[in-house]
Amino acid sequence: MNPQQRLLLPYQGPYDWQAMLGFFAVRAIGGLEVVQDGVYARSFELDGRQGTLSLRPGPGEQLDLRLNLGGAEPSPSLIGQVVMRVRRQFDLDADVLRIHQELAADPLLQPLLLAHRGLRVPGAWDGFELAIRAVLGQQITVAGAIRLATRLVAVHGQPLALPDPGWPGLTQVFATPAALAVADLAALGMPASRGRTLSTVAQALLADPGLLDPKASLQQGLDGLLRLVGIGDWTAHYIALRHMREMDAFPAADVGLLNAMATLQGQRPSARQLLARAEAWRPWRGYAAQQLWTLGS
């Protein structure tokens with residue numbers, strides 16, 4: 001049996017791997033993800049099987065994916081699921097040249113697009129994991145959210161049964177909805193209300209496993225999320241963009257976006273004003289947001 005599968009994943013157009021890797025590096029959850037030497041690696045569980053994967057630049061316009069299931073031969077179905085998730089997480093199917101060309105019609109974005117050629121929108125490996133990350137990140141810094149997430153995985157995740165000797169930092173897999181639905185999450189050191197929101201998300205996903213699946217429209221996806229207590233507009237748009245891959249999602253009240261606009265135009269707009277300004281960026285408001293966020297990085 002081949003302990004490691006290697007696949008080359010093609011993409012189209014320019015790809016700013018360093019920007020993508022930088023995004024995941026500052027958000028890497030301890031025990032679950034490692035970013036080092038230009039490589040992203042993580043542990044996972046799919047269909048009851050645990051494993052690890054790593055991703056790095058490959059030859060030409062391809063990324064090099066290496067999949068390890070502890071010596072067990074992965075089924076074609078499992079490989080297909082992994083490839084689909086990685087392509088979504090790393091935005092491999094975007095026609096970046098066309099998207100950037102359309103956004104460049106706005107003079108405000110032109111300098112950013114020229115400076116950040118190949119910038120893509122980071123996605124997520126898993127919808128539940130992303131939703132938990134988003135809730136943990138409400139009104140705190142990225143570093144603070146990652147500390148909480150690392151603690152959550154250490155306490156409520158499952159140990160990686162067959163550690164990968166190539167990635168000793170990968171020791172856990174992410175917690176399941178069933179585990180978090182009944183856990184005392186406030187004990188991790190967060191406001192009780194946020195702990196309740198995490199439990200609410202877990203319970204909602206157990207009741208409706210398709211809750212976080214992409215919907216027929218952005219608004220339909222947002223509506224389903226906004227019905228959950230503790231999920232506001234920012235969190236809903238963040239989940240829609242990063243996981244549902246709704247590329248017109250746009251969290252207009254995001255502090256980073258408002259600060260970026262202040263830098264570009266000399267005056268900080270209100271969220272309502274930014275939302276009106278962003279009409280010109282449809283249907284790629286998410287890509288415009290990613291460009292604006294570079295000003296705060």
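This is a predicted model: local features need pLDDT of at least 70, side-chain atom pairs count only at pLDDT 80 or more; totals for chains, interfaces and linings use all residues.
Local features require pLDDT of at least 70 and side-chain atom pairs count only at pLDDT 80 or more, while totals for chains, interfaces and linings use all residues. Residues are numbered from 1 along each chain as its sequence is written, and side-chain values use heavy atoms, with hydrogens and water left out.

Strands are DSSP runs of E with at least two residues, and helices are runs of H or I with at least four, both numbered from the N terminus. Strand 2 (residues 33-36) and strand 3 (residues 39-46) run antiparallel and are joined by 4 bridges; pairing requires at least two bridges found by DSSP. The two strands form a hairpin with 2 residues between them, and Asp37 in the turn has a positive phi of about 55°. Across the pair, Glu33 stands opposite Arg42.

The model contains 14 salt bridges, each defined as a side-chain nitrogen of Lys or Arg within 4 Å of a carboxyl oxygen of Asp or Glu. One of them joins Arg6 and Asp64 at 2.8 Å, N to O. This pair links strand 1 (residues 4-10) to strand 5 (residues 62-68), its members being 58 residues apart. Asp64 is buried at 2% relative accessible area, whereas Arg6 is exposed at 51% (buried means under 20%, exposed over 50%, partly exposed in between, with a 1.4 Å probe and protein chains only).

Asp106 and Arg277 form another salt bridge, with their closest N and O atoms 2.6 Å apart. Because Asp106 lies in the loop between helix 3 and helix 4 (110-115) and Arg277 in helix 12 (residues 271-277), the pair ties together parts 171 residues apart in sequence.
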